[in-house]
Amino acid sequence: MQPWATTPVPRTPGTPRPLRLFDTASQEVRPTAPGRTAGLYVCGITPYDATHLGHAATYLTFDLVNRVWRDNGIDVTYVQNVTDVDDPLLERAERDGEDWVVLGLRETALFREDMEALRVLPPAHFVGAVEAVPEVVEVVAKLLADGAAYRADDPEYPDIYFDHLATGRFGYESNYDEVTMGTLFAERGGDPDRPGKRHPLDALLWRAARPGEPAWDTELGRGRPGWHVECSAIALNRLGMGFDVQGGGSDLVFPHHEFSAAHAEALTGEHPFARHYCHTGMIGLDGEKMSKSKGNLVFVSRLRADGVDSRAVRLALLAEHYRSDRSWTADLLAEAEARLDRWRRAVALDAGPGAGDTLDRVRTYLSDDLDTPAAFAALDSWAAEAAAGAGDDRDAPGLVATAVDALLGVDLRA
């Protein structure tokens, strides 16, 4: 798949700060330690609907990771998948009487437009599950040959499942107990009660063809991929084992990220799949969880169509810490619009307070587990002083504008 268009990232004067991130597996903030090139894998959308604010908040978070690394002079190989064949997509297409391929292509195109409008730096590799079917088949065949996978005891539909105990480390990423795993597995796409499985927690690798479903003829038999294994295959073939960060929303910790890591580790015999597992909080609406079942999703494309400035959407979603569950409200958007206006007015001035200390503070806060609230407060303070006429540094407004563009992805001069 083709990703969206990129935007240039200006070079910011001053001293960069190495990035530290919270790691879900170890439950602590630890330094990231990439070499010359950092590997970043962020799980993408299942394109049965438009990009909602929960999606956007996740991709904005990892856009900051990308930008902080680049500020440190590190090249970034960013990989993202698109789950363009899976049950939710097929169910939506059937409900609406639409071809699943057409639905997936349309919503993926809209996702690209949303990401470009939000100025998210595009991935180097943007890979659909459909185009990765040969890679998935290779992975599943090897897991089957190595005894880490098995066929369900079902003559009609001999689906292939992963033995969740194959690595001996299952659960290290989420740190959940088996009861919690069982509950979440059932809620998040698992099939614990499927007859013919050896254990309720074993995850689907390859679904044998059913009438009316898309399927591919392969050495595994006619069928289609399970969900988690696509990310294992796509990441392994573009980043290898031990890449720097696997990211996504907190709802992906289990089962999706736990299994994608376990598949790869069983396949290679190496550990860990990623050196950091990083997860974002959930976005609610007016104090309630935002979900398709409640019908209260807020879509980026709808906000854009209503004339909302994408820069304000970006600022609103980054106003609180990325790991916190938080709510989208009219007040939050209004505050972001006001902040954008203040910052734009400040950088348009002929002079202002010296920018060096502010830039140092912004870098320090962002490098400390992406502390955007503190970074925003530092910029608010500088903008307030500039608006009050403090300082006579004629370079300062331009330096602040450059830093906000490079580090936060907001172009104040547009």
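Select Ala149 to begin: its bridge partner in β7 is Phe162. Strands (E, at least two residues) and helices (H or I, at least four residues) are DSSP runs, numbered from the N terminus. The model is predicted, so local features need pLDDT of at least 70 and side-chain atom pairs count only at pLDDT 80 or more, while totals for chains, interfaces and linings use all residues. Residues are numbered from 1 along each chain as its sequence is written, and side-chain values use heavy atoms, with hydrogens and water left out.

**The sheet**

Next, select β6 together with β7 (residues 160-162), which pair in the antiparallel sense over three bridges; two strands count as paired if DSSP finds at least two bridges between them.

**The aromatic rings**

Display the aromatic side chains: the structure holds 14 aromatic pairs. Rings of Phe, Tyr and Trp (its six-membered ring) pair if their centres lie within 6.5 Å; planes under 30 degrees apart count as stacked, over 60 as edge-to-face and the rest as tilted. Select Phe243 and Phe273, whose ring centres are 5.0 Å apart with planes at 85°, so the pair is edge-to-face. Because Phe243 belongs to strand β10 (residues 243-249) and Phe273 to the loop between α7 and β11 (274-280), the pair ties together parts 30 residues apart in sequence. Phe273 is buried at a relative accessible area of 0%, and Phe243 is buried at 3%; buried means under 20% relative accessible area, exposed over 50% and partly exposed in between (1.4 Å probe, protein chains only).

Move to Phe254 and Phe259: their ring centres are 6.1 Å apart and their planes at 45°, so this pair is tilted. Phe254 is buried at 0% relative accessibility, and Phe259 is buried with a relative accessible area of 0%. Finally, select the cluster that ring pairs form from Phe162, Phe170, Tyr176, Phe185, Phe254 and Phe259.
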